[in-house]
Amino acid sequence: MNGEVMNGEVMPDEGRPPPGPMEEPLRSDGPSKSFRTGAWRVEKRLVVRPRHEFAALAAALVVAILIVAGLVNALGKSPTASFAALYDGAFGSRESALETLVQATPLILTGLAAAVAFRAGVWNIGAEGQFFAGIMGTWFVYDQWGSLWPPLLFVLMFVAAAIGGTLWAMIAGGLLVRYRTNVILSTVMLNFVILYVLSYLLGGPWQAPNTFYYQTARMVDSAFLPRFLTGSRLHWGFAIAIVAAAVVYWLIRRTTLGYEIRALGINSVAARYKGIRVGTVTLLTMAISGALAGIAGAVELLGIHHRVQVEIAEGIGFTGIIIALVARLHPLGVIVAAIAFGALVNGSTAMQYQTGIPKALVLVIEGTTLALVLIASVASRYRVRRVKSHG
Amino acid sequence: MTDSILSVQGVTKRFPGVVANDAVSLEIRRGEIHCLLGENGAGKTTLADILYGVYRPDEGTVILKGRNLELHTPHDAIKAGIGMVHQHFELVPPMSVVENVVIGTSASQWLDLTEVRKRLGKFFDNYDVRIDPDAEVGRLSVGEQQWVEIFKTLYFGVEVLILDEPTAVLTPQGVEELFRILRRMRDEGLTIVLITHKLKEVMELSDRVTVLRLGKVVGTVNTVDVEIDDLARMMVGREVLFQFKRRRSAPEDPILEVEDIHIESVTGRGSLKGLSITVRSGEVVGLAGVSGNGQNALFDALVGVDKPAGGSIRIDGVDTVPLSPNRISRLGVASVPADRIAQGLMMDFNVTENLVLGRHRSSRFSYAGLLRRKAIDAFAEESIAGFDIRTPSASQPTRTLSGGNLQKVIMARELSGRPRLLVAHQPTRGLDISASEYVRRRLLEERDRGAAVLLISEDLDEIFQLSDRIAVIFDGRIVTTTTPAQADLESIGLSMAGAAT
């Protein structure tokens, strides 16, 4: 009997595990779950251990590099020189390494936003929109109370960013809980809605005086997030992102809410039967996810751009989704994956400059990596065994 | 020498950490009904899967009619003349009976449905099975779907038919009809291999029986030469108690009072049409019935995930209809769901985490929204020991546990709160004899402690064995209420089929 599962999410496939030590497993799903070619048989693993996942992940990255190398080669460039330039741009010097962390900062936060939601099986694809909502909350506070004592102003701006992201995410969350609306669709559509709302504000009430650009005025220096070091753009937002990752990790592992979020993601039917308030947990998950994306917006605005423009996002929300998936929804893995993607973004500029390969290649790398990592995550559930021939 | 059609010689099949079949040898004779008897995990299904080309043996050979059999896929098996009906049907529900039969015949690009329909109709007529070849398979009863599976296999012209636990889904009358027709098919020359763990079926139907235990053949015997106790001993490896010591139950005050509840069916879960039932402290009420008659809806209503449109449910006098599942469980309602994987467990949690599922917010296991990890770990160790859950460690992924141990995890969790009412839905389905015995014993212990136990089961033996009172559910209502002493299998079976008024 297949219980209905909310969010249209499918129950994880139980496969046909080999019999346990004492008895055969409860379910036998019929004969077709393993297949063979020649002397090799592909079988489902009963337990996927971290080392299986790491091996699959490493293989995926190697294959991604090979594919990209092939593309570069097809462009008539040297793959090794290009990768060297990419690496050089990302980690070649102290400055470039720090700049990589700058790029990684908002990605960590949107990666966490996606990871939290996906853990609960709530497919929030709207980090991009919630990121804008956070920026709008931040700017609203700055615009209204910009002359406040800076520490208080910062607190208010971040709170407003979190609230902005939360509210925007809760629209989709509410629609899901109340009307079973597909969150993927609603969050993606809400991304566009908020983009147009922001465009209106940037061309109207919030537009910087005496300009034609769709942007606000520049913030005063006291409202900038302080930087760590001279000669680098690395700002306190990075620390905020790291703390956020630790908090999310703690939330997921140690709190009752985190337990319920994981339970919901694993089996929402059993969660309902065991008295977990599925609607409440879904809404709270969306709220946390939205808040993280909103804070990412504040961090980018206050740390780097210092004025609101539509260009701030640059797909940071969407990249966060890829990062969360590559990190297998692990909050600390998100940090690593975000730095890797930040390095790609950062290094690509140097690569373009040195070899003439368009920066857009990074998008190809991101896409290829995502596809391969997803394949790897499925592949890690299987193993290949040699079958002794007989007869 | 009797004519051997299928000979298994020294077949060994290993899975990681376990030898599912260990040098298994047996002979299947032409035109006999041969039972493969064994507990879950004895290796019956693995052996059948080898005969059907799902697995290849690591060692040993299978000989069909004197020729060495090299099977790579079930398709090869069918071509060689061996067909199998699995416990879980492989049918396409929205398609008609005829279309389902045709699916497997990749013989030609050209579909001649008329011809198939004719042949199938003849088949059905011949065996007195009343199924419309053009009916949509999804609308057929489970018993009828089984016939479609069997005839689909026969349509390929197989000589050996393997049936994996075919009676699990049938009423007593359905079983009788199945057996009647299987005997006739045997008399007409078909060889039938029947996999089961039910001793009665073996005694009733088979000509010979091969008993498997822990992957090895214990022996092959002529059914007429043995008693049911002999088979039980061969199967389990020790004496089996078929009777539980029944303390005279002394039912006291009603704990569960269900009055006239109605629930509209959502997609085949079965409706409730004015069901009333009472369970008192210190008694087991067995609810018998063929699945799909409202058991799921009743279970859902009792635990609170579904709400009746009319009527009332009271636990200790408290109306639970407006309450959430969480509130209801805090009134002392524990539940063992029918589908333990889908409804009762988080397969990707570890054992510890599953043991507190639903109680994770209680003050014992959490404080101010934080999990009390020490208390949880201690409780897990205690439960694993107390319920003899076989797991390498408490942090073992739940996914790796066997069915019996999964059920023990659920039992440990549900009984730990010393419930007032325990609702157990098919609590021993799919479990082997030892695990079933254990679960049943625990249910009786709960009764003796003073809990009210509602046992919803399709296994009539279990109902008779455990119940102080028996109620039969049919079409969303209780049609009969009786006691094991007053009732007999046949009358209960008739009520289950809706024949009683």
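In the predicted model, strands S9(B) and S10(B) are joined by six bridges and pair in the antiparallel sense. Helices (H or I, at least four residues) and strands (E, at least two) are DSSP runs, numbered from the N terminus, and two strands pair if DSSP finds at least two bridges between them. Residues are numbered from 1 along each chain as its sequence is written, while chains are lettered from A and ligands numbered from 1 in the order in which they are written. Because the model is predicted, local features need pLDDT of at least 70 and side-chain atom pairs count only at pLDDT 80 or more, whereas totals for chains, interfaces and linings use all residues.

A residue is buried if 20 or more other C-beta atoms, placed from the backbone, lie within 10 Å of its own; it is exposed if 12 or fewer do, and partly exposed in between.

These strands belong to an open sheet of six strands in chain B, with the order S6-S7-S8-S3-S9-S10 and mixed pairing. Strand S6 (82–85) and strand S10 (216–222) of chain B are the edge strands, each pairing on one side only. From one strand to the next, the twist averages 20°. Angles run from 0 to 180 degrees between N-to-C directions, and axes are lines fitted to C-alpha atoms, for helices over the stretch in contact. S6(B) runs parallel to strand S7 (residues 160–164) of chain B, to which four bridges join it, and Ile82(B) has Val160(B) of S7(B) as its bridge partner. Helix H5 (residues 142–155) of chain B lies across S6 and S7 of chain B, at about 170° to S6(B). Helix H8 (residues 228–236) of chain B lies across strand S3 (33–37), strand S9 (208–213) and S10 of chain B, at about 30° to S9(B).

A further open sheet, of four strands, has the order S2-S1-S4-S5 in chain B, with antiparallel pairing. Strand S2 (18–29) and strand S5 (67–68) of chain B stand at the edges with a single partner strand each, so one side of each is left without a neighbour in the sheet. Helix H1 (residues 44–51) of chain B packs on this sheet and touches strand S1 (4–15), S2 and S4 of chain B, its direction making about 65° with that of S2(B).

In chain A, helix H3 (residues 94–119) and helix H7 (residues 237–254) pack at an angle of about 20°, with their axes 8 Å apart. H3(A) and H7(A) are therefore roughly parallel to each other (angles under 35 degrees). The residues of their contact (C-beta atoms, placed from the backbone, within 7 Å) include Leu101(A) and Ile108(A) of H3(A) and Phe238(A) and Val248(A) of H7(A).

Ala271(A) lies in helix H9 (residues 268–273) of chain A and counts as buried, with 27 C-beta neighbours inside 10 Å. Leaving aside neighbours within four places in sequence, Ala271(A) is in contact with Ala263(A), Leu264(A), Ile276(A) and Val278(A).

Methods:
Contact = placed C-beta atoms within 7 Å. Parallel < 35°, antiparallel > 145°, perpendicular 65-115°, else oblique.
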